[in-house]
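Visitor: Can you walk me through this one? I'd like to talk about contacts and interfaces.

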Protein chains: 2
Amino acid sequence: MKKYADLSPSPRIIMTPGPVEVDPRVSRALSYPMLGQFDPEFTSLMNETMEMLRDLFRTANRWAFPVDGTSRSGIEAVLTGLIEPGERVLVPIYGRFGYLLAEIAERCGAEVVTIEKEWGSVFSTEEVIAAIDREKPSIVAIVHGETSTGRLQPLAEIGHACRERDLLLVVDAVATIGGLPVETDEWKLDAVIGGTQKCLSVPSGMSPLTYNERVEARLLKRKRIERGIRPEGYSDSGEVSFIRSNYLDLAQLQDYWSPLRLNHHTEATAMLYGLREGLRLALEEGLEERFARHRLNERALMAGLEAMGLNLYGDPACKMTVVTCVAIPNGVDGEAVRSQLLADFGIEIASSFGPLKGRIWRIGTMGYSCRKSNVLLTLAALEAVLPLRGYHPVAGRSVQAALAVYREGAGQDE
Amino acid sequence: MKKYADLSPSPRIIMTPGPVEVDPRVSRALSYPMLGQFDPEFTSLMNETMEMLRDLFRTANRWAFPVDGTSRSGIEAVLTGLIEPGERVLVPIYGRFGYLLAEIAERCGAEVVTIEKEWGSVFSTEEVIAAIDREKPSIVAIVHGETSTGRLQPLAEIGHACRERDLLLVVDAVATIGGLPVETDEWKLDAVIGGTQKCLSVPSGMSPLTYNERVEARLLKRKRIERGIRPEGYSDSGEVSFIRSNYLDLAQLQDYWSPLRLNHHTEATAMLYGLREGLRLALEEGLEERFARHRLNERALMAGLEAMGLNLYGDPACKMTVVTCVAIPNGVDGEAVRSQLLADFGIEIASSFGPLKGRIWRIGTMGYSCRKSNVLLTLAALEAVLPLRGYHPVAGRSVQAALAVYREGAGQDE
C-alpha cells in the first residue's frame, strides 16, 4: 500500500479572480460535526441560509438557495429549467463567460443568438435593446462581471427593458456577488446566479442563486415528479418538455428547500455550514461597507501598478472593482513572473483566456483576499520580480503610491 | 440587520444510511487553507485522489475522479454522457434508487425498460439475463446496494453477461463503496458511481466515479468543446447527439482531471481535501479490514435487535451489511421513537420510503459511524425508549447479545 503524505497545503496569498482565501471562521465552520439532512437543527440552518441569501441578492424572492455544485451548476440549473427545445435566447458576449452562457443554452436545446463586443469593453443599453427588438428572444442571459476581461456590465436599464417586453433576464453574477452591488429586485433581474469562491470567500462547490415568480411559473409548467417518490394516483402529464436534468431540476430543488423537504439529494452539509458562515460574515460587515472595502483596495492596487509604469487593460469606464487587468510589458515572460511569484513568495495572480492569453495578468481583490497587507505584498513582490525579467520599475514607488491611497482612504471611504 | 447565532451543531450519533459522522481527521482536512485550482500543489492532490480512487474501486481504469455534486450528480454525469436520444436502457428495480436510475435515464432521453422485484429481495442473475435477452438494451443500469430496503444485488455474473453481449453496465455503488467489496474490473463493470457521505464518511457534496475505455469511447464520440475555449480552427462536427449537459459533461471533466487541465470549473477545494483524507484513511485501514469491521458491527447490531424481540426486514440472503432494516412492532409509532432518540439521546436512525414508510426503521452502520460504542448506545437507547411507546423488551438483553458478538468477533473477524 502506497503511503500518502499528511495533507498540508502551503499558505498562499491568493490574488486571482477566484478561488480566493477563506476567512478562518469559514474554515472553522467547515470542520464542524455532521448533522443529518432532515435533523431539525440542520433544516433551520438551511432556512437561515435562505434568509441571508435574500439579503445578499437584495431581493424579496421566495426562492434563494444554493445548488450543490460549482458556479456553472447554478447557471445550468436556471437555463435547463427555463429553456424548452427551440427557445430563442439572446446572449450578449463581451468575454469568456458570455460564451459559456451561450454554450450552456445551446446544450439545453435553445436557438441561441449572440451579439459580441470587443473584449475590454461592455455593451451600451441601446445595443442590447436593439438586439432584443431585432431578434425577439424570450430569454436574455448576460454576465454581470466578466473576470476574463475585468469588465462590469451595467444591468439596471437592461432589466427594465426586458421586463417591459416581458422577457426573462438571467444574470451570471458569479464574480460580483458579495463584492459589488447586485440589486436583483430594483434592476428587475428574473434569475441571478452567484458564486462562492470569489467575493464571498467560501470554498468552491456551491452555487447560490435566486429567482422570482415569473421564473417559478415556467419551472412549474415543466415539473415532473420523479419515479420512486410519486404520490399514489400521480400520473405524468405527458408534457414532452419536462426538465431534462434531475440533479439540476429547480422545480424539485425548491421542494427540497421548502417545508415539503422533498428528498431530492443529501445537502452538502459541510459546505452549507461554510456558506452560512460566509454569508453571516458578509452581512455582519455590511454590504455597503464591504463594497467600499473592495473599492479602496482596488484604488490602492491600481495606484501601485501605475506607479510601476504598468498599463491597465480595458476601458476604465466599465472596470470591475474586484479584478484588475494589467498589460504584460513587451518582452516580459508573463508566465515566468507568475511562476516565480508563486514559488518564491506564495503569491498567486492569474493569466487570462483566449485572445488575452499571454497579454495580460489579472489580479483579483476579492473577499477575504481583498485586504491592505495582500495588496502591498503583491506590489512589493511584483516589483522585486520584474527586473529579473527585463523590466525595471523605480524601486519603492509602487508601494508608496498604494500606501498614499490607504492614507487618504482612511479619511473617506473606510 | 438580524443577528445570526454562532454556528454550533449539536453532537450527534448518526446511525442512518447517510449522511453519517465524519472522522475528525477529515473534518480537520476540510478546514485547511485554500490553494488555487491550478497551483501545482493542488493538482498534485487531485492526482493523488485519482490514484486512491482507483484503489478504492479496485480498477486499473485511467478515469477515476469525483464530480462536484452529490451522489446523483455522478449518476447523471454517466447516464447523460452515454445515453443518446432513444437509447434503450434496462433498469432492474428492487427499491427506491432503482426508480431514480430509471428517472434519470428517461430525462436523458432514453427509452427505458424496467423489470421490478418485490422490495426486500434482489434479482437472480437469470432474471436479469432473461430481461437483457428479451429487451435488447444497449445499457443496463443497476443499484448495487439499495439503502431503501437494505439489500445487496450480486453483480459479478451480471457483469460478465453484459460484457459477453457487448452492453454497457452502469452501477450505482453509492451506498456500498468503502463498506463492501466493489470489484470494478473483476466484475466487468463499465462505470461505477460511489458516494462520499456513506461508508467513506466524507461530507455529502462529491460523487467519486470511475469508467473504462468502452465508456470513454462513447463519450468522445459525443464530445463538444465549449465556446470560449475552442482552439483556433475548431469546428463543431455538427453531430446532433452531443452531450446535453455542460456541468456534468464527463468528456470535458476528464480533460480537467488530465494533464490538459481544461478550465472547466473550479474544483471544490475544501471538499477535495476532505475526500483525499477520507480515502487515505480508508486505504490505511485496509479495504478488507474495513469490510470486516462493517460485518462485525452489523452482526452485533442484528444480535441486539433480535434479542429485543424485533424482527429484521427483508430476505436475509441478500442483506446489505451496512444497513439493517427492522420492522416497527405493531402499535408502535415509529416516528415518535425516532424523534425521541434524536431529541433526548442525540441518536438518529432513519425511516424509509414509499411502501415501507412507517413500516420499518433503517439503521446504518457506515464508515466512521460504524463502531462498537455507537452500536451499543443505539441499542441501549432504543431499549429505553420502546417501553414508552407500548413495546416492552427484556431489559439489558439486547446490549448483552451485542457484547457477546464483539467478544467472539475479537477472536475471528477483527
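Predicted model: local features only at pLDDT ≥ 70, side-chain atom pairs only at ≥ 80, totals over all residues.

Visitor: Fine. How is chain A divided?

Guide: Into domain 1, residues 22-282, and domain 2, residues 287-412.

Visitor: How many residues does each domain bring to the contact?

Guide: Domain 1 of chain A gives 31 residues, and domain 2 of chain A gives 26 residues.

Visitor: What separates their centres?

Guide: The centres of domain 1 and domain 2 of chain A, over C-alpha atoms, are 31 Å apart.

Visitor: And how much area do they bury between them?

Guide: About 2200 Å² for domain 1 and domain 2 of chain A. Carbon and sulfur atoms carry 63% of that.

Visitor: What's the salt bridge count between those domains?

Guide: The count is 1 salt bridge between domain 1 and domain 2 of chain A.

Visitor: Which side chains meet in a salt bridge at 3.8 Å?

Guide: A:R58 and A:E288, with 3.8 Å from N to O.

Visitor: How many polar contacts between the domains?

Guide: There are 12 residue pairs in polar contact between domain 1 and domain 2 of chain A, both residues at pLDDT 80 or more.

Visitor: Which elements of domain 1 give two or more residues to that side?

Guide: In chain A, they are helix 2 (40-57), helix 4 (96-107), strand 6 (145-146) and strand 7 (151-152). The residues on this side of domain 1 split into 13 nonpolar, 11 polar and 7 charged.

Visitor: Switching topic. How many residues are in contact between chain B and chain A?

Guide: 89 residues of chain B touch 89 residues of chain A. The two chains bury about 7500 Å² between them. Of that area, 53% is on carbon and sulfur atoms.

Visitor: How many salt bridges across the interface?

Guide: The rule finds 18 salt bridges between chain B and chain A. One pairs B:E41 with A:R12, where the closest N and O atoms are 3.5 Å apart.

Visitor: And polar contacts there?

Guide: 43 residue pairs across the interface of chain B and chain A, both residues at pLDDT 80 or more.

Visitor: Which elements of chain B give two or more residues to its side?

Guide: Helix 1 (24-30), helix 2 (40-57), helix 3 (71-82), helix 4 (96-107) and helix 9 (269-285) of chain B.

Visitor: How do the residues on that side divide?

Guide: The side of chain B that touches chain A has 37 nonpolar, 23 polar and 29 charged residues.

Definitions and conventions
Residues numbered from 1 in each chain as written. Chains lettered and ligands numbered in written order. Heavy atoms only, no water. Domains from an automatic or database assignment. Contact = heavy atoms within 4.5 Å. Buried area = accessible area lost by both parts, 1.4 Å probe. Salt bridge = Lys/Arg side-chain N within 4 Å of Asp/Glu carboxyl O. Polar contact = N/O pair within 3.5 Å; in protein donor to acceptor, adjacent residues only side chain to side chain. Helix = DSSP H or I, 4+ residues; strand = E, 2+ residues; numbered from the N terminus. Nonpolar A, V, L, I, M, F, W, Y, C, P; charged D, E, K, R; others polar.
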